[in-house]
Amino acid sequence: MNEVELEKIKEKALSEHIPILMDDTLEVIDKILKEVKPKRMLEIGTAVGYSAMCFSRYLDEDGTIDTIEREHDRVEEAKENIKKVGVENKINILEGDAVEILPTLNNKYDVVFIDAAKGKYPFFLEQSKRMLNKNGIIFADNILYKGYVMSDYNKHKQRTAVRNLREYIKEVTEDENCKTEILEVGDGLAISRFK
Ligand code: SAH
Ligand code: MG
């Protein structure tokens, strides 16, 4: 894995304001993936491939990540990036809207990372649960959305997103099949460990 290229890709993404995984969030996920050593991972929201490439370090031997992205230009850039870093055998990009793609998938995953349209988090959760292996983990990034989710402010123009993020939190905290932590790292990270 070409770390120098990965660092360059990270810097470029940051300079273009692409909302890539934040360092403190990555640190938390890193620790968990190191223990889990997932064989199959699903990511919703590839952007330019940065997070998928970071996660690919911790895959089990022959492990792979399926990652979904709807913006064609980002898919193209992610493909180039993945080649530059030398992890094209580990990352499989699915181009299209996750809302349409997810119901067509019938794979089993050990870990899911949700990092796309906030208004769709409850749907992404439902679909991820359907494909999650026993003892699987679902991460949801941006779950606190700049603090809007935990405040009583709901006149914001992003209120649909906020309502759906709250719905996601409610579902995972009430689900007896999993234990959930909500961490204030980055823009908020939900970690749900399933039975
Ligand atoms: N995980 C990436 C960052 C993802 S940013 C990283 O940390 O490096 C969120 C991405 O999700 C954007 O590129 C956006 O185009 C994509 N996205 C948003 N809604 C989507 C949807 N419904 N289906 C597929 N991709 C989506
Ligand atoms: Mg994010």
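Ligand 1 sits in the largest pocket of this predicted model, where a pocket is an open set of points on a 1 Å grid over the protein atoms alone that fits a 1.4 Å probe and has protein on both sides within 12 Å along at least five of seven lines, and sitting there requires more than half of the molecule's atoms to lie within 2 Å of the grid points. Residues are numbered from 1 along each chain as its sequence is written, and ligands are numbered from 1 in the order in which they are written. Because the model is predicted, side-chain atom pairs count only at pLDDT 80 or more and local features need at least 70.

Around ligand 1 there are 19 residues, with Leu21, Gly45, Glu69, Arg74 and Asp115 the closest, each having a heavy atom within 4 Å. This shell comprises eight nonpolar, four polar and seven charged residues, Gly being counted as polar.

The side-chain polar contacts below are pairs of N or O atoms within 3.5 Å.

| Side chain | Ligand 1 atom | Distance |
|---|---|---|
| Ser51 | nitrogen | 2.8 Å |
| Glu69 | oxygen | 2.7 Å |
| Asp97 | nitrogen | 2.9 Å |

Taken alone, ligand 1 exposes 580 Å², of which the protein buries 94%, by the Shrake-Rupley method with a 1.4 Å probe.

Notes. Heavy atoms only, no water. Polar contact = N/O pair within 3.5 Å; in protein donor to acceptor, adjacent residues only side chain to side chain. 1 Å grid on protein atoms, 1.4 Å probe; cavity = no way out; pocket = protein on both sides within 12 Å on 5 of 7 lines; lining within 4 Å.
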